[in-house]
Amino acid sequence: MDNTLTRTTADRSDPNHSGRVVPTVRVIFYDNRVVDDPALPIRNSLSLGRAPEQPGLTLAADARISRAHACIQVERTGCTVRDLDSHNGTWVNGHPVTQPQALHDGDIIRCGDSLLVFRQQPLTDPLEECQGSSALFGRSRSMCQLRREIAQVAPTGATVLLLGETGTGKGVAAREIHRLSKSTGPFVSVNCAAVPEALAESAFFGHETGAFTGATRRAEGYFRSANGGTLFIDEIGEPPISVQAKLLHAVEERQVVPVGATRPVTCEVRLVAATIVDLRDAMAAGRFRGDLYARIAEFVVRLPPLRERREDILPLLVRSLDTTAPPLSPDLAELLLLHSWPFNVRELEKVAMSLQIRGQSASRLDPWMVAERIDPLTGQLADRDPSLGRAAVSPPPPAVSAGRPSPGRSHPSGRAAPPQGGRDRGRAGVQAFLQAGLSLAATPRNRPGQLSQALTAHLSVHARFRLRCFRFRLVEVRTASRSR
């Protein structure tokens, strides 16, 4: 990392902290680039700034950080962050810090144009340095834990059940299990959702010539094709109950009976299954066999969603972009960190493609380039409400001084600021809040400037771009009330 980022806290090998869960911060975006810096422990307090008090984290290359910008304090009930009257403000999850604010695991802290992630984790964590040659990329503790579990179960031959949301990398994890198992056989993958129910038995176990109409030649099926290797069955909850019974027999007896055959065929297959649904709910509803669940869930591995490993979002994005791509703007970096990523890594790869195309002739990558995919108001997909994020699709207006407003100021460019990532901060809530502010404006003792400043302190980051219009409307209401 750049030598202008300096740590003055105790060394990570401090025996007083070894093995204990301690609060830490990790710088993930600094000096207009994504950085891969180790987590920094917080003892009693940690100051942030260009020339902070000791102990502190010096971010000298960020011109938008004050000399003494913010302070993280360790208290008996947890950690809090406090803004030290900085010029550009301190932000947590997109909200301005106007008073000491409690920090929770995974919170994103913004000081100037630098972004940090707050974590509660063991200081000397054996999981942290474990990337190696694994295809499962990530520095977060949850990904290190995932890699360790896969390395432990891969050589055993146990049946593995992978649980995770869509796009979390279940297929990549299955291939990693096969690679680490040292198996000499093939890796065969099948998505049960793409197998027609009428052909499911033939697809899995094969068939003999003439077994049914159209069976003009013999087929081995997925199980026999994976003989001596690994069979990855994605969406294991999709096959009908009748096929599930035969899957159970094939896994337990290591034999299959092809359609049209009378004798079983021995088949040595290591089974890895995956699903995005809760199989226990499916069992309660009678859609999935309990004995099959018990057999395939010898070892259960959960893949973390992207929103739970925020420190991996920007490095994953950089890996998906070409080396010639321009740098990310701080606003875009924060927008991506606070997005909820309902489709996980698969969605991030599509966002990277949009940035690659729109950023070909740009000097940096800005939020408007992904406005069609990530809504600037709610952090969700814009196509759920076409009226959201529409103004951000067109390129930004010419050169207004870039940067983030301090609390109480509108965004200088007039565009949408990054979201906080919550699903409950939608446009309806913002409009209701603004309407309440307009009703207060009719009271003679309330000054427009005071109202605007008070509202700014409570509004989410999604709504700051509306303040400019709100102030104009506030003046109109005040003028109308005086003329009555």
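Predicted model: local features only at pLDDT ≥ 70, side-chain atom pairs only at ≥ 80, totals over all residues.
**A buried arginine and a parallel sheet**

The backbone oxygen of glycine 106 sits 2.9 Å from a polar atom of the arginine 310 side chain.

Where does arginine 310 lie? Its place is the loop between strand S20 (299-302) and helix H8 (313-320). Arginine 310 is buried, yet has no salt bridge. The nearest side chain of opposite charge belongs to aspartate 107, and it is 5.0 Å away. A salt bridge here requires a side-chain nitrogen of Lys or Arg within 4 Å of a carboxyl oxygen of Asp or Glu.

Strands of a sheet pair through backbone hydrogen bonds, either parallel or antiparallel.

Strand S14 (residues 160-163) runs parallel to S20, and four bridges join the two. Leucine 162 stands opposite valine 301 in S20. S14 also runs parallel to S19, again with four bridges between them. Here leucine 161 faces alanine 273 in S19.

Now take S19 from its other neighbour. Strand S16 (residues 230-234) is joined to S19 by five bridges, and the two run parallel. Isoleucine 233 stands opposite alanine 273 in S19.

How many residues of strand S19 (residues 270-275) are buried? Six of the six are, so the strand is largely enclosed by the rest of the structure. Arg270, Val272 and Ala274 point one way from S19. Leu271, Ala273 and Thr275 point the other way. Both sets are buried.

Last, the cysteines. Cysteine 144 counts as buried because its relative accessibility is 1%, under the 20% cut-off. Cysteine 192 is buried too, with a relative accessible area of 6%. A disulfide is a covalent bond between the sulfur atoms of two cysteines. The count of disulfides in this model comes to zero.

Methods:
Residues numbered from 1 in each chain as written. Heavy atoms only, no water. Buried < 20%, exposed > 50% of the residue type's maximum accessible area, 1.4 Å probe, protein only. Lys, Arg positive; Asp, Glu negative; His and termini not counted. Polar contact = N/O pair within 3.5 Å; in protein donor to acceptor, adjacent residues only side chain to side chain. Disulfide = S-S within 2.5 Å. Pairing = 2+ DSSP bridges.
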